[in-house]
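Let us walk through this structure in two stops.

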Amino acid sequence: MIPVYKPEIGKEEEEEVLKVIRSGWISSASPAVREFEEKFSAYIGRKYGVATSNGTTALHLAVTALGIKEGDEVIVPDLTFISPVNVVLYNRAIPVIVDVEEENWGLDPEKVRKAITNKTKAIIVVHLYGNPAKVSELKEIAEEKGIYLIEDCAEAHGAEYEGKKVGNFGDIACFSFYANKVITTGEGGMCLTDDEGLYEKMQILRDHGMTKEKRYWHEVVGYNYRMTGLQAALGLAQLKKIDKFIERKREIARLYQELLEGVVTVQRDPPNGKSIFWLFSILTEKRDELAEYLAKNGVETRKFFYPVHEMPPYVEFTKSSYPISKKLSRIGMNLPSYPSLGADDIKYIIGKINEFVKGNKDGNH
Ligand SMILES: *Cc1c(COP(=O)(O)O)cnc(C)c1O
């Protein structure tokens with residue numbers, strides 16, 4: 001079976017983790033956490049990093065630090081992994097669900113503009129499947145309206161928009177280091193910002209709301225969203241390889257693009273953007289049958305996320321129709337695209353897709 005994803009864990013990771021174990025500093029007090037925060041924020045190009053237990057806690061830390069609370073409205077996309085919607089609800093705020101765009105699968109700035117009311121506090125933009133969304137446009141809207149922009153970069157480490165890495169546009173940018181993300185710490189996440197005040201707020205909220213001056217004194221209700229030294233050790237080893245991972249993922253994408261041209265619709269760099277093709281994606285009307293055919297032939301795939309507004313906890317937040325999200329969700333699927341995936345395997349997968357499409361045309365399926 002060729003899996004859809006497989007993390008690359010090697011000698012370097014073993015050594016970094018062993019170093020941390022031998023040092024005795026395995027908790028969040030480990031210097032490795034600080035080092036990972038510094039190195040990852042520098043890699044993306046932001047001043048401060050706050051490492052967290054996972055990507056969802058990073059997003060929750062972000063909305064909480066920005067003061068999002070009961071009754072506030074936060075704009076979220078209809079096509080996304082669910083975390084950015086859930087963290088809004090954790091704070092009893094209202095997710096305002098907006099449709100995505102055909103060309104990059106991210107929030108549509110024009111539809112976002114129309115969804116803004118005097119209760120809107122923030123926009124959470126998701127860079128889906130490695131594609132950069134139109135973050136310059138969204139940043140401009142946020143600034144004009146005096147609201148916050150949060151970037152969910154969980155699927156897009158190293159992707160670029162207008163020549164700048166995503167994660168540089170939001171007031172806060174959140175990353176995930178789950179095992180199938182571009183780099184991994186097993187479970188893990190990080191918030192990045194250039195704002196010192198937000199940086200300190202997020203540190204305090206991450207650590208039970210405890211003031212920095214006085215141990216066990218709490219001015220606010222916080223959380224334990226800390227990252228361990230063991231996770232950070234993995235992250236440090238992974239970060240050394242991130243550019244290699246991204247380069248390889250773009251190479252894999254080029255192969256799929258070249259050999260599937262005219263067979264199915266393939267994921268491509270959107271205008272003004274550089275995708276990192278987190279999970280290389282294709283669109284086809286025969287998606288369900290193709291997924292089944294590939295599974296029978298030993299190739300694991302994933303279907304796109306479901307439209308948020310169709311699922312029980314979120315139905316009540318349906319605001320309009322979501323034609324693009326619905327369509328992408330129905331015809332989109334992810335193909336294997338992990339860095340060590342070999343050219344022979346890619347050609348095998350492409351061969352099976354060709355076989356399926358051709359058989360379909362001949363009426364053999
Ligand atoms: C993976 C992911 C998250 C959440 O990350 P976890 O580390 O699994 O909590 C958030 N948003 C998006 C878009 C993701 O893909």
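Start at Ser 176: one of its polar side-chain atoms lies 2.7 Å from an oxygen atom of the ligand. (A polar contact is a pair of N or O atoms within 3.5 Å; within protein, one must be able to donate a hydrogen and the other to accept it, and residues adjacent in sequence count only if both atoms are side-chain atoms.) The protein buries 92% of the 380 Å² that the ligand exposes when taken alone (accessible areas by the Shrake-Rupley method, 1.4 Å probe). This is a predicted model: local features need pLDDT of at least 70, side-chain atom pairs count only at pLDDT 80 or more, and totals for chains, interfaces and linings use all residues. Residues are numbered from 1 along each chain as its sequence is written, and side-chain values use heavy atoms, without hydrogens and water.

Glu 155 and Lys 181 also reach the ligand. A polar side-chain atom of Glu 155 lies 2.5 Å from a ligand oxygen. For Lys 181 the distance is 3.1 Å.

Now turn to helix H7, residues 196-206 (helices, H or I, have at least four residues and strands, E, at least two, as DSSP runs numbered from the N terminus). Its buried residues are Leu 198, Tyr 199, Met 202, Gln 203, Leu 205 and Arg 206 (buried means under 20% relative accessible area, exposed over 50%, partly exposed in between; 1.4 Å probe, protein chains only). Why do they share the same side of H7? Because they cover an arc of only 165° around the axis, taken from the directions from the helix axis to the C-beta atoms.

At the N-terminal end, Asp 195 caps H7: a side-chain oxygen lies 2.8 Å from the backbone nitrogen of Gly 197. After H7 comes His 208, with a positive phi near 65°.
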